[in-house]
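Work through these exercises with the structure open beside you. Try each task before you read its solution.

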Amino acid sequence: MSQTQWREIITPKKKLISLNLREIWNYRDLLFLFVKRDVVTIYKQTILGPLWFLIQPLFTSLIYTIIFNGVAEVKTGEVPPFLFNLSGVILWNYFADCFSQTSDTFKKNEDIFGKVYFPRAVMPLSIVVSNLVKLGIQLLIFLSVFLYYYFSGALNGPSLGVIYMPILIILMGISGLSLGLITSSLTTKYRDLVFLAAFGIQLLMFMSAVMYPIEMVAEKLPVIEPYIKYNPLAVTIDLARQIYFFDGGLDLGVTLLYPLACCLALFLIGLALFNKTEKSFIDTI
Amino acid sequence: MSNLMLEVEEVSKLYRLGVIGTGTLSHDLNRWWHLIRGKGDPYALVGEENKRTELGDSSFVWAIQDISFQVGQGDVLGIVGKNGAGKSTLLKILSKVTSPTKGTIKAAGRIASLLEVGTGFHPELTGRENIFLNGAILGMTKKEIRSKLDEIVEFSGCTRYIDTPVKRYSSGMKVRLAFAVAAHLEPEILVVDEVLAVGDAEFQKKAVGKMKDISNSQGRTVLFVSHNMAAVRSICNKGVLLQNGRLTHNDKADTIVDEYLKLNSEQLVKNISYEDDPKKLENEEIKVLNVSISPDVPTIEDEVYLNFEVEVKSNVETINLAFDLLNLQETIVFGSGDKFKKNLEGKVHVSCKIPANLLNDDVYLVNLYIASESMRPMYQCAQVVSFEIRDKVRDYAYYGKINGVVRPKLDWNII
């Protein structure tokens, strides 16, 4: 018998952190098709279709403007409150969607995962990408509102820091993905965490400077300031606003390092847990 | 021998029984504590053999244990065994859905598994879109699918509906489309579960033909699980037999099928032993005193008598006594019954003659039903008795098993 070249070896153990990039690359078509499926099917049999992508953040921002800026008198400085809220809501939604939609990866795809193998990470990655499509459409509407105010002379920005925007967006997406991976991995056996994740996202929003500026917290309630100042999500959203609305420079990049480090740490934890879980979750789910 | 494509070495899988709850948490903590101290899994030691019908002491069970075999290129390996013998667990490990507790599997090529047809079909997408999605899930690239698209559509026979959402399809059409995609997979090793059980006869024929084609002309390796021994015989050239999670036989497909059938008949061909399970033979109204076959080992040229003796305990005067005769695939061959008055002792003692030259050489099971005159059910018992009909020495050239549930002797004349 001739010596056989083994192409694949299945064993019980696996390294703690291994994002098999080559394998995921081999399945890139699947990733793309999942994204297409998610984007195409979400508003099937609706009349407004993808317009719903736009209506959501517009109305949310409108309500926030009425409640937080109108009723609760939150001051947004020279920035028009509606635009201020819209900038926060869009970024936050991207994070929240990535988080909540990936947090039940194993549970939701039990049927497929139980029948056929493909790199499990393709599924949550496809969610991050398909939400990116949604974010793109929403950024367009943001841009038009922005330009309206810009030409009426109400804004000092945008600054050169705009080149950092892709990094900020990836930060939000990967943070959501990481938390989602952690939650979905920890909930295959004990489902307790599912309940925490559901309202945790809502609570986290209030801690992430979505509808108020960070400086305002320092002013009104200095006790909780550290919790918000060191919340990487709040830092990221605040950074985005500085880029949009103020004439900051490229030195803003230094502020980026902190959320970037947090995000990387979260991602590694998420990946390790996901790797550990994906091999045998089907027995315990 | 052909090139080795797949090597399975001492693969085992441990499962925990029961519900996941607080008890599992304490086990997890205990296991974790053992692991940090560098000791092995404390529960792996207490795992018991996978015997479905017996109550065990341990809540851990080896679904499969020390399975080793090798498969060469172009081989079609049939994996047979009774329900719960570990076939599906083995397939899940081979297709990487779950990982083994111990052991190694080495493959010399891409393994694609077909444990179910139509995995990941999305009802809102059209047939065409689903071909791409399903194909990609099964491991094909878009380019591969595009080049085979026409072939797939034609094979499925759904050309007219290809741009309609799959939710409008009939269930049969869905299966056809899904199988069409799967049939055009081109992995070096294909793992197939009982997917042939679905679909109509034409479809099954097509599917079996395609599987043969895959192995014969394209030289691919196929692992095939089925309860359909005819399919195993006709598709596979090799086989393994699993029993209680262990691999007991590894041989040619025909031998394995024979072993499997013998295994069943050894356990089945015996008159019920009344001491074993007296409860099963008695309820408030009926007590089954005796069920037997005569002669003991009939051949196909013998008349077979099924004898029933039952005691009617309630004040019902007349009962309907009937039976269904089933083969091992649990297909009902026929049923028969009649009305009987009980005698002075309150018993009914009857016999039914099955004519000679009617049943095939096979193992048959008898389900017993007793009802009142107005057809109110009084008693029933599945597999109350089983028996084997043996073949007679034939005086013509063919010695293989003659197909069919029955084997009536028919008149042949020269005209």
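A helix axis here is a line fitted to C-alpha atoms over the stretch in contact, and the angle between two axes runs from 0 to 180 degrees between N-to-C directions. Keep in mind that this is a predicted model.

**Exercise 1. Describe how helix 7 and helix 8 of chain A pack.**

Step 1. Find the helices. Helix 7 of chain A covers residues 122-151, and helix 8 of chain A covers residues 165-186.

Step 2. Read the geometry. The axes are 10 Å apart and form an angle of about 145°. The crossing of helix 7 and helix 8 of chain A is right-handed.

Step 3. List the contact residues. Helix 7 of chain A supplies Pro124(A), Val128(A), Leu132(A) and Leu135(A). Helix 8 of chain A supplies Ile169(A), Gly173(A), Leu177(A), Gly180(A) and Leu181(A).

Step 4. Sort them by class. The contact has 7 nonpolar residues, 2 polar ones and no charged ones.

**Exercise 2. Describe the contact between chain A and chain B.**

Step 1. Count each side. Chain A gives 30 residues and chain B gives 37.

Step 2. Find the elements on the side of chain A. Strand 1 (8-10), helix 2 (28-42) and helix 6 (110-113) of chain A each give two or more residues. Helix 2 of chain A gives the most, with 5 residues.

Step 3. Sort that side by class. It divides into 13 nonpolar, 8 polar and 9 charged residues.

Step 4. Look for strand pairing. Strand 1 of chain A and strand 4 of chain B run antiparallel and are joined by 3 bridges. Ile10(A) has Ile105(B) as its bridge partner.

**Exercise 3. Examine the backbone at Lys96(B), Asn357(B) and Pro295(B).**

Step 1. Most residues other than glycine have a negative phi, and most peptide bonds are trans.

Step 2. Check phi. Lys96(B) is not a glycine, yet its phi is positive, about 65°. Asn357(B) also has a positive phi, near 55°.

Step 3. Lys96(B) lies in the loop between helix 2 (87-94) and strand 4 (102-107) of chain B. Asn357(B) lies in the loop between strand 14 (347-354) and strand 15 (363-372) of chain B.

Step 4. Decide: buried, exposed or partly exposed? Buried needs 20 or more C-beta neighbours within 10 Å, and exposed needs 12 or fewer. Lys96(B) has 18, so it is partly exposed. Asn357(B) has 14, so it is partly exposed.

Step 5. Check the peptide bond. From Ser294(B) to Pro295(B) it is cis, with omega near -5°. Pro295(B) sits in the loop between strand 10 (286-294) and strand 11 (304-312) of chain B.

Terms used:
Residues are numbered from 1 along each chain as its sequence is written. Chains are lettered from A and ligands numbered from 1 in the order in which they are written. This is a predicted model: local features need pLDDT of at least 70, side-chain atom pairs count only at pLDDT 80 or more; totals for chains, interfaces and linings use all residues. Helices (H or I, at least four residues) and strands (E, at least two) are DSSP runs, numbered from the N terminus. A crossing is left-handed if the near helix is turned anticlockwise from the far one by less than a right angle, and right-handed if clockwise. Two residues are in contact if their C-beta atoms, placed from the backbone, lie within 7 Å. Ala, Val, Leu, Ile, Met, Phe, Trp, Tyr, Cys and Pro count as nonpolar, Asp, Glu, Lys and Arg as charged, and the others, Gly among them, as polar. Two strands pair if DSSP finds at least two bridges between them.
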